[in-house]
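Please brief me on the charged and aromatic side-chain contacts in this chain.

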Amino acid sequence: QVQLAESGGGLVQAGGSLRLSCEASGRFLNSYRMGWFRQAPGKDREFVASINWSSGGSIIADSVKARFTISRDNAKNTMYLQMNSLIAEDTAVYYCAARPQVTSDYNYWGQGTQVTVSS
């Protein structure tokens with residue numbers, strides 16, 4: 001069982017930056033892959049980035065690769081999403097999620113944090 005709690009969302013002007021945090025609790029986190037997803041109003045949830053908790057190997061969606069960075073601090077059990085050069089299209093609820101590395105479906109989710117980019 002993994003519990004996830006996001007923080008760091010808010011209102012920011014276009015061109016600004018935000019850093020989202022996801023604090024994880026649970027056993028065997030090193031066997032999990034953690035991810036960030038987002039859902040804008042009226043749109044499907046989309047993948048943003050993911051990271052292997054033990055190795056740090058990461059994947060970032062092409063749509064944000066030039067602007068977003070994913071990282072984790074194992075000592076703090078916290079994953080981060082650094083978002084730079086934000087645009088209005090980044091407005092969404094951002095969720096962190098976790099799945100065992102041996103599976104393909106994310107089955108643990110946080111409550112989400114709202115990011116609003118004003119243009």
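The points below cover salt bridges, ring pairs and charges over rings.

This is a predicted model, in which local features need pLDDT of at least 70, side-chain atom pairs count only at pLDDT 80 or more, and totals for chains, interfaces and linings use all residues. Residues are numbered from 1 along each chain as its sequence is written, and side-chain values use heavy atoms, with hydrogens and water left out.

**Salt bridges**

- A salt bridge here is a side-chain nitrogen of Lys or Arg within 4 Å of a carboxyl oxygen of Asp or Glu.
- The count by this rule is 4 salt bridges.
- Arg38 and Glu46 form one of them, at 2.6 Å from N to O.
- Arg38 is buried (under 20% relative accessible area, with exposed over 50% and partly exposed in between; 1.4 Å probe, protein chains only), because its relative accessibility is 7%.
- Glu46 is partly exposed, at 33%.
- Asp90 also bridges to Arg38, with the closest N and O atoms 2.9 Å apart.
- Asp90 lies in the loop between strand 8 (78-83) and strand 9 (92-100) and Arg38 in strand 4 (residues 32-39), so this pair ties together parts 52 residues apart in sequence.
- Strands (E, at least two residues) and helices (H or I, at least four) are DSSP runs, numbered from the N terminus.
- Asp90 has a further salt bridge with Arg67, where the closest N and O atoms are 2.6 Å apart.
- That pair links distant parts of the chain, since Arg67 sits in the loop between strand 6 (58-60) and strand 7 (68-73), 23 residues from Asp90.
- Asp90 is buried at 1% relative accessible area, and Arg67 is buried at 16%.
- Shared partners join Arg38, Glu46, Arg67 and Asp90 into one salt-bridge network.

**Aromatic pairs**

- Rings of Phe, Tyr and Trp (its six-membered ring) pair if their centres lie within 6.5 Å; planes under 30 degrees apart are stacked, over 60 edge-to-face, and the rest tilted.
- This rule gives 6 aromatic pairs.
- Phe37 and Tyr106 have ring centres 5.0 Å apart and planes at 75°, so they are edge-to-face.
- Phe37 is in strand 4 and Tyr106 in the loop between strand 9 and strand 10 (108-109), 69 residues apart.
- Both Phe37 and Tyr106 are buried.
- Tyr95 and Trp109 are also edge-to-face, because their centres are 6.5 Å apart and their planes at 80°.
- Tyr95 belongs to strand 9 and Trp109 to strand 10, 14 residues apart.
- Trp109 is partly exposed, at 30% relative accessible area.
- Ring pairs link Phe37, Phe47, Tyr95, Tyr106 and Trp109 into a cluster.

**Charges over rings**

- A charge sits over a ring if NZ of Lys or CZ of Arg is within 6 Å of the ring centre and within 35 degrees of the ring normal.
- Arg45 lies over the face of Trp109, 3.9 Å from the ring centre.
- The charged end of Arg99 sits over the Tyr106 ring, 5.3 Å from its centre.
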